[in-house]
Each structure stands twice: as structure tokens, then as C-alpha cells.
Amino acid sequence: MTTRASYGLPLLKKILLRSIDVFYWTTLFYSAFIKTRLRRCGKGTRFRLTTFILGHENIIVGANLNTMGFLYLYANDNGYLEIGNDCSFNSNIQIGAAGGKIIIGNQVMIASNVVIRAANHGIQRNTPMRIQPHDYGEIIIEDDVWIGSNSVITSNITIAKGTVVGAGAVVTKSTEPYSIVGGIPARKIGERI
């Protein structure tokens, strides 16, 4: 027969294991450090050790951002990046607002291996590619958007509210609300019902 005292043992064991979990505490301290460097960061957001950030002072993150790992956020070179509330980012995501502007709305889901880049390299013939100046661009991703794995979002577009971007799509034009887009370049292939 189970006694009342034995119910507390699994909880006590969990608390003791968590207290000696070096990875957990390192992640917690790293996340707290990152939050202090950002322009603003909401409650409930936790950054993993695999988060890399440039231009901290130009980044605003809302509440409850959930990240899986290997997240790259760039807002250096006078860039601006804003991420809304309750977003979920999978692994190996690059969001490059360096030299441009990216605004991501609320409840946006981004799957793995996605690249979102606001500015483009110049392509002048008489200048080596690696020293080309950047062309400023903006990307707006509205609320309730789902961006599938291996997608690329190019500059100067708006991904409208409720859009679903299919896996592997290259989005080069703005979308319609609640549309489903896919392909290279992405085009409308359906609507959410």
C-alpha cells in the first residue's frame, strides 16, 4: 500500500536532479544575460546556449518566445528586428535584419532551416562581391503565420495574416491573408479553411 509520504519522493527527486543540472542553470543564466542586452524582451522568453545575436540594441522580443536551438538573430548595421508574443522557432533559423528591418507578428511559427533576410548585397560589376554595399529592405510577417522548413523569405515583402508557407518555398512576393503558398518562386496554391 502506498503511503502519503511516498507521493512526495518523485517530486523531491526531480527537484534535486534539477538543482545539480549544470546545463539547465547555464542556459538560465545565458538567457538572462541575453535579455539584459536586448532593447526589450518580454516575460517567459528563454534563449538557449545555441542562440547567436548581433546588434542586441536593435532587437525587441515579445513574451513567451519558444526556441529549439541554433537561432541566429542579426540587427547590426543599423538594422531593426522585432519579434511578437507567443512565437515558436524550431532549429537552425537565420533572421537577418542587418542593414534592413524585419517585424514578426504574434503567434508565428517558423520551422527548421528557414532564412529570413531583409537586405541584399549589391551586384555592381566593378566592385568585388564581398565588399558590395547592402540594399536596404523590409520584411513584415503578420500574426498567425506558419513558415515551413527550408523556406527562404526575401526582402521587401509582407507575409499576410494567417499565411502558411510550404516547406522549401522561396517567397519573393507579398501574400494574401490566410493563403497557402509554395514553390520556387512561391505562388498561391490554396487557402486555409
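Me: Which element gives the largest share of the lining of the largest pocket?
Reply: Good place to start: this is a predicted model, where local features need pLDDT of at least 70 and side-chain atom pairs count only at pLDDT 80 or more, while totals for chains, interfaces and linings use all residues. Residues are numbered from 1 along each chain as its sequence is written, and side-chain values use heavy atoms, with hydrogens and water left out. Two elements give two or more residues to this lining, α2 (22–37) and β4 (66–74); helices (H or I, at least four residues) and strands (E, at least two) are DSSP runs, numbered from the N terminus. The largest share, 4 residues, comes from α2.

Me: What is the volume of the largest pocket?
Reply: On a 1 Å grid over the protein atoms alone, a pocket is an open set of points where a 1.4 Å probe fits, with protein on both sides within 12 Å along at least five of seven lines; lining residues have an atom within 4 Å of a point. Grid points are joined across faces, edges and corners, and a volume is the space filled by probe spheres set on the points. The lining includes F23, Y24, T27, R46 and R48. The pocket's volume comes to about 160 Å³.

Me: How many charged residues does the lining of the largest pocket have?
Reply: The classes work like this: Ala, Val, Leu, Ile, Met, Phe, Trp, Tyr, Cys and Pro count as nonpolar, Asp, Glu, Lys and Arg as charged, and the others, Gly among them, as polar. The lining has 4 nonpolar and 5 polar residues, and the number of charged ones is 2.

Me: Is T27 buried or exposed?
Reply: T27 sits in helix α2 and is one of the residues lining the largest pocket. Leaving out residues up to four places away in sequence, T27 touches R46, F47, R48 and L49, where contact means heavy atoms within 4.5 Å. Buried means under 20% relative accessible area, exposed over 50%, partly exposed in between (1.4 Å probe, protein chains only). Because its relative accessibility is 7%, T27 counts as buried.

Me: Why are W25 and F29 separated by about one helical turn?
Reply: W25 is partly exposed, with 34% relative accessible area, whereas F29 is exposed at 57%. The two are separated by about one helical turn because they are 4 residues apart in helix α2.

Me: How many residues apart in sequence are the parts that F52 and Y72 tie together?
Reply: The ring centres of F52 and Y72 are 5.2 Å apart with planes at 15°, so this pair is stacked. F52 is partly exposed at 40% relative accessible area, while Y72 is buried at 18%. Since F52 lies in strand β2 (residues 51–54) and Y72 in strand β4, the separation in sequence of the parts they tie together is 20 residues.

Me: Which residue does a cis peptide bond join to I184?
Reply: The residue in question lies in the loop between β18 (179–182) and β19 (187–191). With omega at about -10°, the cis peptide bond joins I184 to P185.

Me: What is the phi of N113?
Reply: N113 is in the loop between β8 (109–110) and β9 (115–117), and counts as partly exposed at 31% relative accessibility. Although N113 is not a glycine, its phi is positive, at about 60°.

Key:
Phe/Tyr/Trp six-rings, centres within 6.5 Å; stacked < 30°, edge-to-face > 60°.
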